[in-house]
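Subject: Structure handover

Hi,

Here is the structure for you to look at. My notes follow below it.

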Amino acid sequence: MNSWRPSTSECDCEGASVSGYRIATIPGDGIGVDVTEAAVRVLDAVLPGLEWTEFDWSCENYLRTGEMMPPDGPARLAGFDAILLGAVGFPGVPDHVSLWGLLIPLRRAFGQYVNLRPVRLLPGTESALRGRTADELDILIVRENSEGEYSRIGGIHNEGRPDEFVLQESVFTRTGCERIIRYAFERAAERSGRLCSATKSNGIIHSMPYWDSVFERVSTEYPRVETRQMHVDALAAELVLHPDRLDVIVGSNLFGDILSDLAAAVTGGLGLAPSGNINPDRTGPSMFEAVHGSAPDIAGQGIANPVAQILAGAMLLDHLGESAAAAAIDRAVCDVLAAGEVRTPDLGGTGTTAELADAIAARAAESARRGATAEIG
């Protein structure tokens, strides 16, 4: 386990248990429905007793009702232990409508100020970068998830006139910057002790120099963590040219979003990349999802790669303290991909979503049983 760190190893895996956790699922649109079903199957195989409740909030729901989710949506989710979210987006519904109607409101309602995106080269897969190995492609991106460039402040003025203009404001608070940067330092201290901050202080005159000053101030609390600050364009190039020089990256909402998609593409594709919207204070449920989109062109065909959503489910279990079950799923994904017997078309195979999920579920359940037997012995 490299990119996110369950607290157990293979030798201390305790195996399956009856959990009783209440998990909300929002399958969403397109292949989100397909891969969420697959992830639920894998999690059930490893940790019996999960209580699932599905919410049909999606672009299809928006076309029917004019709302991505009902006004009391956050209140209805507040009592759950975690949320598993499928992809959202469908032709005919503008992306800003689907995003601001569901995902962003939930992130902010539940204090999910950390977007955690582990990206790594998995066994049996190939990087877009020639000759790179798994040791060189293991990066954790910590993205600020509640403010920054993703703001409603602003508007269109003098609309329709020759002097029409648009204002879009960013919001960088001291609290928001400090807590995400400190979280990134903690993760870096647990890993290699290296942290790189994404900035653009040479061109963005107020928010980025402020971000840099907070980063420098927090860094004094972590003298053993080696730090770098790179302009985001240079950092994007570094991800392609020298990814082995990077370990943990922290960035604002926009920069973290873009860099994590680039990193996922470099390490094998968006179909393999999970993410978590984390409330570190645990005052509300955290939400887990694949990085990829809804891919409506292949929805319902049973060929979508479920690995990213399955790994998002493993992150969910790890967040709930079920690190042994999370480790079993992670090992199963690696073993099945390394064997190469079942692959979806994006990985060069002919396997279906269900076939790949079933292979991972069986392997994960076996791994959990072995761990339980070893613990008893």
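How exposed is E136, going by its relative accessible area? E136 is partly exposed, at 24%. Buried means under 20% relative accessible area, exposed over 50%, and partly exposed in between, using a 1.4 Å probe and protein chains only.

Two notes on the source. This is a predicted model: local features need pLDDT of at least 70, side-chain atom pairs count only at pLDDT 80 or more, and totals for chains, interfaces and linings use all residues. Residues are numbered from 1 along each chain as its sequence is written, and side-chain values use heavy atoms, with hydrogens and water left out.

**Overall**

The protein has 11 helices and 12 strands. Helices (H or I, at least four residues) and strands (E, at least two) are DSSP runs, numbered from the N terminus. The C-alpha atoms fill a box of roughly 70 × 55 × 40 Å along the principal axes. For 377 residues, a compact globule would have a radius of gyration near 21 Å, and the protein agrees, at 21 Å. That radius is taken over C-alpha atoms, and the globule rule is 2.2 Å times the number of residues to the power 0.38.

Of the 377 residues, 54% count as buried. Among contacts with a separation of 6 or more, 76% come from residues 24 or more positions apart. Contact here means heavy atoms within 4.5 Å.

**Salt bridges**

There are 23 salt bridges in the structure. The criterion is a side-chain nitrogen of Lys or Arg within 4 Å of a carboxyl oxygen of Asp or Glu. Some of them:

- E136 pairs with R132, and their closest N and O atoms are 3.1 Å apart. R132 is partly exposed, at 21% relative accessibility.
- R187 bridges to E190 at 2.6 Å, N to O. These two are three residues apart in helix α5 (residues 174–190), so about one helical turn separates them. R187 counts as buried at 17%, whereas E190 is partly exposed at 46%.
- R228 bridges to E238, with the closest N and O atoms 3.1 Å apart. R228 is in strand β9 (residues 226–231) and E238 in helix α7 (residues 232–241), so the pair ties together parts 10 residues apart in sequence. E238 is buried, at 8%, while R228 is partly exposed, at 28%.
- R117, R143, D257 and D261 are joined in a salt-bridge network.

**Aromatic rings**

The structure has five aromatic pairs. Rings of Phe, Tyr and Trp (its six-membered ring) pair if their centres lie within 6.5 Å; planes under 30 degrees apart count as stacked, over 60 as edge-to-face and the rest as tilted.

One of the pairs is F55 with F80. This pair is edge-to-face, at 5.7 Å centre to centre and 85 degrees between the planes. The pair links distant parts of the chain, 25 residues apart. F55 is in the loop between β2 (51–54) and α2 (59–65), and F80 is in the loop between α3 (73–77) and β3 (82–85). F55 is buried, with a relative accessible area of 8%. F80 is buried too, at 8%.

Next come F185 and Y222. Their ring centres are 5.0 Å apart and their planes are at 15 degrees, so this pair is stacked. F185 lies in helix α5 and Y222 in the loop between α6 (207–219) and β9, so the pair ties together parts 37 residues apart in sequence. Both F185 and Y222 are buried.

Ring pairs also link F55, W57 and F80 into a cluster.

The charged end of R22 is over the ring of F80, 4.3 Å from its centre. The charged end of R179 is over the ring of Y113, 4.1 Å from its centre. The test is NZ of Lys or CZ of Arg within 6 Å of the ring centre and within 35 degrees of the ring normal.

**Helix α9**

Helix α9 covers residues 307–319. At 1.5 Å a residue, its 13 residues should span 18 Å, and the end C-alpha atoms agree, at 18 Å apart. The expected span is 1.5 Å times one less than the number of residues. In α9, 13 of the 13 residues are buried, so this helix is largely enclosed by the rest of the structure. G321 follows α9 and has a positive phi, near 95 degrees.

Best wishes
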